[in-house]
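Try each task before you read its solution.

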Amino acid sequence: MAQQKILIVDDEKLVRWSLRQKCEEWGYQVLEAEDGGTALRIAHNESPDAVLLDVRLPDLSGLEVLERLKQSGEGRAIILITGDPQLDDAKAAIKLGAYDFIGKPLDFDELGVTIQNALEATRLRTEVESLRGEVRRRTGYHDVVGVSRKMTELMNFVRKVAASEATTILIQGESGTGKDLIAKAIHYQSTRQDKPFVAINASAIPETLLEAELFGHERGAFTDAKAMKKGLFEVADEGTLFLDEIGELSPFLQAKMLRVLEDKVIRRVGGVRDIQVDVRVIAASNRDLERAVREGHFRQDLYYRLAIISIFIPPLRERKEDTLPLVDFFIDHYNRKFRKSIRGLTEETRRLLVNYDWPGNVRELKNAIERAMILEDEPDLRPTYLPFSVAQPHAGVTAFEHTSSPPAGGQPLENGRWLPPLLIPEGGTSLEEVERALVELALRQAGGNQTHAARLLDISRDALRYKMKKFGLMHADEEESAAPAGS
Ligand SMILES: Nc1ncnc2c1ncn2[C@@H]1O[C@H](COP(=O)(O)OP(=O)(O)OP(=O)(O)O)[C@@H](O)[C@H]1O
Ligand SMILES: [Mg+2]
């Protein structure tokens, strides 16, 4: 961290001198002012992190200086120092936004701690405020990018849901489709927007901790419970609780959850008292919850309770029109973040980005753009800096392994099957390489069953075995019986 600056304001030279010694010893950079006017000017020019301010100054009163420092608005910690602390002054000072009030003669240990606390509190407040602003900026309706019909319909629905009284909402979608983003969009478009938005991920925390985290605990509820602690339901009161990966909740917590949703009361761990809470619960899952219900891993009654209002975010490959608008949005974002001026994409990059089917969805796209923008020094992003899987979508077979249903960008065949999306890289390829990849893919898809794989490729089993041998895909002990055949 950069050295923090402290401005000392006192008309007595000796006081300034001794404060300077101490502050420098504590590692701060020190500025001095002997009167209020000078203090305001220095504060304006140098933006100190903290101000030690004597209440009695030759020109302005300390309180006046305090008020004007606060009006000029920058986040900084102000500590008042006075010879004869009067309670009224102290109260006024705190009201005007001073962090604390210290009497003379100064106790340097106390002063040191006060400065530290003041700096920390100011830093935290500034951070929270800027985060809050950031979240709002980023989740305002315009920052959920989407021009496809699926996304515009979804955003209309989200707006209605946000404004409704609904207290449980379920968001489902593959990883990286924007579940967190939509949850925040709901919160910040709702009447709860000025109340807390609290997020917790059920899969990231062991069950016993999760219970205490969600519901809180009374003092002495378990060995480490030295004091009462409020749970997130209480913290999020009147606001929104975002419960990510709800599919991972244990049966016990599923039952507890159902009770809160139905009765709107919680009980702390080790507690006997019901506590009323008014919380909108947004649950999210990237697993198919309905299937988890069928398989007996998730309570049906809880699922129905959650799914009253259910939002499904489609994977990016099913709304390809969103790809380029998202890219523009991310280029803009990283231009500002990295102070670059990338203009757009080359023709080839655009084709690759649109054709790739993004198994990691928007997150994967965002990461790809971030990486390319860090490395690119031309005005347009070139394919050179795209991740290998995007730039070489048909290298090996891995790129289309995950496409069990119609691969995005794939070509329909007459027999109801699909031809995988194939792109020839800039440097070219060989037909043999592609053929080999397809043979491998067919074998893999057929679980190694050669008859089945041959059928997938519409060739004879012998022809398949011939190709397998040619491409070195045959185990040595099988080679004997591989009959040579044309294709
Ligand atoms: N429509 C969108 N417009 C702009 N940015 C988006 C959009 N969808 C997702 N993003 C961005 O993509 C990244 C991933 O989104 P998010 O974290 O919300 O996904 P998720 O569905 O919660 O993923 P996971 O299941 O892994 O938790 C975030 O940086 C998010 O801001
Ligand atoms: Mg998420």
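This is a predicted model: local features need pLDDT of at least 70, side-chain atom pairs count only at pLDDT 80 or more; totals for chains, interfaces and linings use all residues.

**Exercise 1: the ligand shell**

Task: Find which helices each supply at least two residues of the shell around ligand 1.

Solution: Helix H7 (179-188), helix H13 (323-338) and helix H15 (361-375) each give at least two residues to the shell around ligand 1. Next, go to the residues: there are 17 around ligand 1, and Val 145, Gly 178, Lys 179, Asp 180 and Val 362 come nearest. Sort the shell by class and you get six nonpolar, seven polar and four charged residues. Finally, check the domains: domain 2 (140-312) and domain 3 (320-391) each provide at least three residues of the shell.

**Exercise 2: H13 against H15**

Task: Work out how H13 and H15 are oriented to each other.

Solution: Get the geometry first: the axes are 9 Å apart, and the packing angle is about 45°. H13 and H15 are therefore oblique to each other. Their contact includes Phe 330 and Tyr 334 of H13, along with Leu 365 and Ile 369 of H15. By class, this contact has 11 nonpolar, one polar and two charged residues. As for handedness, H13 and H15 cross in a right-handed way.

**Exercise 3: H6 against H7**

Task: Now do the packing of H6 and H7.

Solution: Helix H6 (residues 149-163) packs with H7 at about 50°, with axes 8 Å apart. That angle makes H6 oblique to H7. The crossing is right-handed. Val 158, Val 161 and Ala 162 of H6 meet Ile 182, Ala 185 and Ile 186 of H7. Tally the classes of this H6 and H7 contact: six nonpolar, no polar and no charged.

Conventions. Residues are numbered from 1 along each chain as its sequence is written. Chains are lettered from A and ligands numbered from 1 in the order in which they are written. A residue is near a molecule or strand if its C-beta atom, placed from the backbone, lies within 6 Å of it. Helices (H or I, at least four residues) and strands (E, at least two) are DSSP runs, numbered from the N terminus. Ala, Val, Leu, Ile, Met, Phe, Trp, Tyr, Cys and Pro count as nonpolar, Asp, Glu, Lys and Arg as charged, and the others, Gly among them, as polar. Domain bounds come from an automatic or database domain assignment. Axes are lines fitted to C-alpha atoms, for helices over the stretch in contact, and angles run from 0 to 180 degrees between N-to-C directions. Angles under 35 degrees count as roughly parallel, over 145 as roughly antiparallel, 65 to 115 as roughly perpendicular and the rest as oblique. A crossing is left-handed if the near helix is turned anticlockwise from the far one by less than a right angle, and right-handed if clockwise. Two residues are in contact if their C-beta atoms, placed from the backbone, lie within 7 Å.
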